[in-house]
Amino acid sequence: LDLCLAQVCSSLDALCSVRADGSMSLIWAPLFPQEMADQLLLKMAEKGILNDTSIGIFQNCKELRLRRASIRGCPLSAEAFHTTICPHRLLELDASRVSGGLTGADVVSGLSSSPECRSGLQRLSLSGLQLDWESLEEEGVARVGFSSLQGLRALNLSNTDTSDAVLEDICNLPHLETLDISCTPVSQLTALTGCRNTLRALVAHRLRQLDMPPASLLFVFSHLNALRHLDFSDDHFAEDDGDGRDGDEVVRQLLEGSPQLLPSLVSLDLSGRKRVSEDAIRAFVESRKSLIFMGLLATGVSACDAVSSQKNLKVTGEANEDQVCEALGRYGERECFVREALVHLYNLTTDAGQPQPDMLKLVVSGMRSHATSLHVHLVATACVFNLTTQDLAEAMPVRLLSSTVTQLLHAMKTFPRHQQVQKNCLLALCSDYILQDVPFDKYLAATLVINWLSSHEDPTLQRMAVAVISILVAKLSTEETAKLSKDVFIMKQLLAIVQQKAMVGVVDSTLKFALSALWNLTDEMPAAARNFIQCQGLELYEEVLESYYNEPSIQQKVLGLLNNISEVEELQSDLMEEDLLEHILSLLKDPQLEVGVRYFAGGILAQIASRPEVWMLDEELRGAVLQQLHESITTWTQPEREMVSYRSFHPFCPLLQTRQPPGVQLWAVWAIHLVCSQNTSHYCSMLEKEGLTELLKALASHPDTHGDVRGLSDGILRLVEQHQSLPGAFKNQTPNS
């Protein structure tokens with residue numbers, strides 16, 4: 001179902017027409033199962049595509065019937081809300097942190113205009129919205145309050161401008177069971193006595209403007225006989241004028257007082273309260289045998305023996321992993337507690353030995369909920385590294401890892417100048433499994449890491465960054481590689497690393513990864529090849545080729561890139577340097593060198609020698625090249641491991657023409673036979689798709705074709721024929737990108 005809904009979201013433009021007012025309407029709308037309509041709305045909100053235009057599909061109340069609607073965090077106007085959402089017979093509405101000008105007053109006014117919502121709406125969340133009742137009065141709209149929504153049982157007004165007067169109105173609701181007034185400017189809670197017989201859960205986190213003496217507050221609590229959950233926690237990071245002593249005194253008296261105060265209480269959250277004692281906690285726990293939850297994060301008493309001895313008591317705290325995970329699960333919306341819990345989680349997972357996907361999911365959720373918080377991301381990215389390092393990532397669900405990497409990339413993009421966040425993300429990304437097997441935006445990742453690399457020279461981090469770039473570049477699509485390769489800045493960064501290493505003659509993984517990245521960037525990318533030459537890359541590579549004569553792994557990567565340049569006809573003249581070509585020819589001839597080195601040397605020479613019209617050097621040299629190509633290739637042994645991969649066979653087309661010299665043809669057919677032998681399914685499909693089988697047939701049947709060339713051509717055609725005979729051959733086959 002999730003995949004189906006995601007497909008609908010991605011295809012919405014094709015499935016819809018546009019009304020005169022600009023809103024979208026489904027061209028054909030079947031009668032959706034009711035729950036599916038709710039889930040489609042939620043999926044659109046999660047994917048960030050729910051707005052005044054797209055929400056128009058829900059104006060169709062007959063086929064798309066909303067009951068539990070979430071427009072959380074979406075940019076919606078009051079008009080779109082009234083037109084689309086209010087006509088539905090809603091049971092629940094989450095309009096938390098909606099942008100686009102919608103106010104809490106707009107929501108209440110719109111819902112109150114519907115008789116079904118007035119009596120039927122049971123749950124409403126306006127967290128993070130401005131209520132702004134005055135705006136309605138300015139527009140001449142009659143003011144209505146929350147008490148008009150007579151069916152409400154749960155109301156979340158956290159982080160709003162809820163006033164004492166609004167609270168009084170709320171407490172007239174006849175069925176109110178759950179109320180969240182956290183982080184509001186409420187100063188008096190006396191009105192709560194108005195719902196003393198129904199209120200079962202009160203969340204009053206960080207009421208910094210609360211102005212009631214302890215005795216008055218306890219008097220209010222003493223009337224709430226139905227209350228089962230009380231959250232009276234505080235933000236321990238907050239810096240303001242109040243020292244919280246009155247609140248702490250209320251907490252002390254509540255903990256040490258008689259069980260007859262709040263007799264139904266089974267859940268108490270005091271997290272962030274700094275003056276809680278172990279003795280008070282012990283007394284409270286021992287007198288409340290039905291207790292099922294206590295919030296004690298950042299109180300210093302979560303390790304109290306009275307708490308740890310209660311097996312059925314869930315606790316948020318820092319004493320162990322269970323307490324920390326409980327905190328992350330419960331406090332996802334509260335930055336202060338997410339920060340605190342993540343710090344303790346980091347310490348607990350420094351030597352993680354077992355994969356813990358549930359824990360990673362909590363960390364990612366915290367990052368997502370606090371997308372702009374540096375404090376959260378600083379610790380969360382370090383936790384991600386702890387939880388995915390070494391072999392731990394391979395045991396995690398791929399979808400979870402995908403969302404994790406997405407959040408890491410968001411962190412890199414959001415905090416580009418924070419060294420530790422960038423370092424943490426890079427450490428987490430530097431996993432071969434994640435880079436190779438986990439789906440994520442690899443183009444974005446490559447650009448972010450390259451940008452980071454430009455301002456950092458720490459050798460260890462540089463090595464990791466270049467390794468990440470090298471792997472990512474090889475995984476990009478042709479279009480993404482083309483886009484990336486046009487950036488001269490990227491080319492300069494990688495060439496600078498090559499030069500830095502070559503100046504001291506070092507052979508290390510950083511140099512190898514940089515050379516690999518440049519090789520992949522220029523593969524069938526003429527723009528990148530031109531940038532390479534303009535950045536003096538050719539001169540640098542000539543030096544590297546000579547100075548690293550005894551390093552086949554370096555030579556192979558250098559020759560591979562020069563091979564890419566030789567495939568670009570307009571750049572072949574740049575390679576027409578006698579010293580360079582003679583050096584490459586010496587590599588081709590040397591029987592002591594690995595086949596890989598001789599293969600790429602041969603590729604460069606075959607491409608250059610295939611076009612006599614651009615050959616500007618001595619013809620005797622060209623003749624030597626063609627002769628040596630033929631003589632050398634006939635001595636090569638096919639390597640067992642994969643030596644090379646190709647995006648396409650297009651660069652081979654000119655080399656397979658019947659007019660070409662045998663040495664040129666032989667290199668091309670040897671290369672094609674090599675990759676077709678090693679990865680038959682992929683490359684035989686590519687041959688057929690790109691029309692090279694016809695060229696090979698023409699070559700094999702031509703009377704002037706050399707026997708060595710004909711033999712390999714026939715061998716390739718046999719491989720293609722065998723592959724065609726397999727079930728499903730050539731179906732769903734696409735070239736590597």
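Me: In what kind of crossing does H14 pass H16?

Reply: Happy to start there! A crossing is left-handed if the near helix is turned anticlockwise from the far one by less than a right angle, and right-handed if clockwise. Here H14 passes H16 in a left-handed crossing. Helices (H or I, at least four residues) and strands (E, at least two) are DSSP runs, numbered from the N terminus. Please keep in mind that this is a predicted model, in which local features need pLDDT of at least 70 and side-chain atom pairs count only at pLDDT 80 or more, while totals for chains, interfaces and linings use all residues. Residues are numbered from 1 along each chain as its sequence is written, and side-chain values use heavy atoms, with hydrogens and water left out.

Me: At roughly how many degrees do the axes of H14 and H16 cross?

Reply: Axes are lines fitted to C-alpha atoms, for helices over the stretch in contact, and angles run from 0 to 180 degrees between N-to-C directions. For H14 (residues 335-348) and H16 (residues 374-388), the axes cross at roughly 30 degrees and come within 9 Å. Angles under 35 degrees count as roughly parallel, over 145 as roughly antiparallel, 65 to 115 as roughly perpendicular and the rest as oblique. The two helices, H14 and H16, are therefore roughly parallel to each other.

Me: Which residues of H14 and H16 make the contact?

Reply: Contact means heavy atoms within 4.5 Å. On the H14 side, the residues include Val 338, Leu 342 and Tyr 346; on the H16 side, they include Val 376, Val 379 and Cys 383.

Me: Is Asn 531 buried or exposed?

Reply: Buried means under 20% relative accessible area, exposed over 50%, partly exposed in between (1.4 Å probe, protein chains only). Asn 531, found in helix H25 (residues 526-534), has 8% relative accessibility and so counts as buried. Setting aside residues up to four places away in sequence, Asn 531 touches Ser 485, Lys 486, Asp 487, Val 488 and Met 491. A polar atom of the Asn 531 side chain lies 3.4 Å from the backbone oxygen of Lys 486.

Me: And in the loops, is Thr 184 buried or exposed?

Reply: Thr 184 sits in the loop between strand S7 (178-180) and strand S8 (201-203), and is buried at a relative accessible area of 4%. Beyond its neighbours within four places in sequence, its contacts include Leu 157, Thr 160 and Leu 207. Asp 391 belongs to the loop between H16 and helix H17 (398-414); with a relative accessible area of 60%, Asp 391 is exposed.

Technical notes
Polar contact = N/O pair within 3.5 Å; in protein donor to acceptor, adjacent residues only side chain to side chain.
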